[in-house]
Amino acid sequence: MAVAERGRSPALLPPVSERLGPLAWLKRNLFSTWYNSLLTILVGYLLYVVLVPFFEWAILNATFFGDSKEACDFDGACWALITSRLGQYLYGLYPVAERWRVNAAFLLLILAMVPLFLPRFRHRLLYACGLVFLYPPVAYLFFAGGVFGLPFVETAQWGGLFLTLVIAGVGITASLPIGVLLALGRRSEMPVIRALCVVFIEVIRGVPLVTILFMASVMLPLFLPPGVTIDKLLRALIGVALFASAYMAEVVRGGLQGIPKGQYEAAMALGLGYWQMMGYVVLPQALRMVIPGIVNTFIGLFKDTALVTIIGLYDLLGMSRFIIQDPKWLGLAAESYLFAGFGFWVFCFAMSRYSMYVEKVLSAGERR
Amino acid sequence: MRLLGTVVAATMAAATGLAAGSALAGPTFDAVREKGFVQCGVNSSGLPGFATVDDQGNWSGFDIDLCRAIAVAVFGDRNAVKFTPLTAKERFTALQSGEIDVLVRNTTWTLTRDTALGLDFLGVNYYDGQGFMVPKSLGVKSALELDGASVCVQTGTTTELNLADFFRANNMSYEPVVFETNDELLPAFQAGRCDVFTTDQSGLYATRTKFENPDDYVILPEVISKEPLGPVVRHGDNEWGDVVRWTLFAMIEAEEYGVTSENVDELRANSTNPTIRRLLGVEGEFGKNLGLPQDWAYQIIKQIGNYGEVFERNLGMNTPLKIARGLNDLWTRGGLQYSMPFR
């Protein structure tokens, strides 16, 4: 590319513009052959049949505010449900007066992450590691309270989008380091460690997440001594984190195997020990290669969190199902589920775009 | 659904007999008094009118009010209760393992659950049962007129079996239209693919409110199966069980004797009826016998209301559900709700 540009003479006219008029664009892209024209018309008709009634239902005939289903017209969507219960979709059954704590904790996280995005910040890795270990206890103090005069809020009251983010956040931050360790362990030359890692990964990866959650919520309490109960959310968090770690380990292992043997040998020739070799030479390259796989696992995990609904936790989806059981709002399943789906989409799409950005930044070396 | 629940529960009982036995240690009542609140297991997926949250995020409903009544009996405070949302599969484990003190989660009283699962049922706060809903335009007044009808029913449930039994017992024919879930049943019924919709009556009432014109549909009076729903504690937990049982009875007795949250103060001061005086703690030592404050029943009626008030508030004609009292009326009015005497 660079060569071609340098070779171009400034005296030559620029190439013919690629921009077409709307009619020409239509002809080229939608009606180029008779079967393409047919397809265009068919798809256009289907879109018309589906989208127009949806638009009428969702916007034109919809009711946006009201106290109960009575305020709504049967022909249109009843978004009054969402607007009047928005707080519960976002925070679940968290006490209204204490919701600021959730906001404060998330704001704190955003502020704490600012240095990571400063281009000249030096100890980025160290800072990120510190954040991963220090932030969760701080956030827990905010969410649960019980100290510094904050009223205690039990985890059964956590819910909505807030709970979804907590579960996904814990799963994501726990799964990456554990997954890296498991991947290294699986390729280790020490037989016991290798065997343990292989067994862990294959067992966890071999059962559905639903099974793990059921084990954690239904079976585990029976094996504990009487009087000892482990918080249900904690059980679910551990289950989700272990599950995601096993998948992450395999993604990272793919990256490790993609590193040429010469890199290992070169690192050893320099006299680096195992951890130095992995930390300075192998992992930075391996992780960069598998960013799409890692983000794919994160997005999958984010959506998998909706499964905690079946063990009676109120994540965004669980809350959407629960709210419409109120006799005042019975029968508004479509509105509630659409809103939940939209919520999930926003976060997954944001993650996907962010990963594209990270890939671009980290692959700067290859473009040179 | 109930069929599946029974199978799961039975397998769990077999697998966990040991744990059920070991959970009996320590009287719950003392533990409840010590920690200062009642831990009540409720329906996590929500059941219209029985367990839901209101706009302020407070739990409300018919089952919820029974939980609160127990808290009032023990502590005199309707907020001295914490709710543990439980799925159908978790509920018995949660009780056996001691995670909750009492389960009020529209749970059907059956022999297996009362015995093999190590549980004790203490009464029935709602008599449910399978019923039929038809469009008013069909002009049917009784289920016995349904010969030859097509019936929408959820497949693989006891509902389907009860339906077959009912029609066979009455020498009638019918055409089943089966679906996997209730969410699929509803549009089919609305589109007229079947004449009759059948499920538990409380579910029929909840379903009816989802229609554009609920008044175009009627729920037939016949109930063809028994689904007595009631509060549950651990087997052998007798003192605590007494508290739960008599909390429910106090609410029913209050309705029978016309004691409401409105007139309870006046009746406590002025009533000469010996039953009312005993119920409200003016005479007798019932509180002491139960290990409760002397005015426990008075507080229940004052803060929560009698059985009829609670029913009307959550399920009755002024709610969107519009459930008729039916079997849940007092025995004096032809229903089944009957309190053992306060004496």
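Trainee: How many helices and how many strands are there in chain A?
Mentor: This is a predicted model, in which local features need pLDDT of at least 70 and side-chain atom pairs count only at pLDDT 80 or more, while totals for chains, interfaces and linings use all residues. Residues are numbered from 1 along each chain as its sequence is written, and chains are lettered from A and ligands numbered from 1 in the order in which they are written. Helices (H or I, at least four residues) and strands (E, at least two) are DSSP runs, numbered from the N terminus. By that rule, chain A holds 16 helices and one strand.

Trainee: Is chain A a compact globule or more spread out?
Mentor: The radius of gyration is taken over C-alpha atoms, and the globule rule used for comparison is 2.2 Å times the number of residues to the power 0.38. For the 368 residues of chain A the rule gives 21 Å, whereas the radius of gyration is 26 Å, well over that value, so chain A is more spread out than a compact globule.

Trainee: What percentage of the residues in chain A are buried?
Mentor: A residue is buried if 20 or more other C-beta atoms, placed from the backbone, lie within 10 Å of its own, exposed if 12 or fewer, and partly exposed in between. Of the 368 residues in chain A, the buried share is 30%.

Trainee: Which element gives the largest share of the side of chain B that touches chain A?
Mentor: Two residues are in contact if their C-beta atoms, placed from the backbone, lie within 7 Å, and the contact between the chains takes 33 residues from chain B and 25 residues from chain A. On the side of chain B, the elements giving two or more residues are α2 (17-22), β2 (52-53) and β4 (81-86) of chain B. The largest share, three residues, comes from β4(B).

Trainee: How far apart are the centres of domain 1 and domain 2 of chain B?
Mentor: The bounds come from an automatic or database domain assignment, which gives domain 1 (2-127 + 228-333) and domain 2 (130-225) in chain B. Taken over C-alpha atoms, the centres of domain 1 of chain B and domain 2 of chain B are separated by 31 Å.

Trainee: Which strands stand at the edges of the five-stranded open sheet in chain B?
Mentor: Two strands pair if DSSP finds at least two bridges between them, and the mixed sheet of chain B has the order β10-β9-β11-β8-β12. Each edge strand has a single partner strand, so one side of each is left without a neighbour in the sheet; these strands are β10 (174-179) and β12 (217-219) of chain B.

Trainee: At about what angle does helix α7 of chain B run to β9(B)?
Mentor: Axes are lines fitted to C-alpha atoms, for helices over the stretch in contact, and angles run from 0 to 180 degrees between N-to-C directions. Helix α7 (residues 158-169) of chain B lies across β8, β9 (149-154), β10 and β11 (196-200) of chain B, and its angle to β9(B) is about 155°.

Trainee: Is T159(B) buried or exposed?
Mentor: T159(B) is found in helix α7 of chain B, and its contacts beyond four places in sequence are Q130(B), V153(B), Q154(B), T198(B) and T199(B). Because T159(B) has 21 C-beta neighbours inside 10 Å, T159(B) counts as buried.
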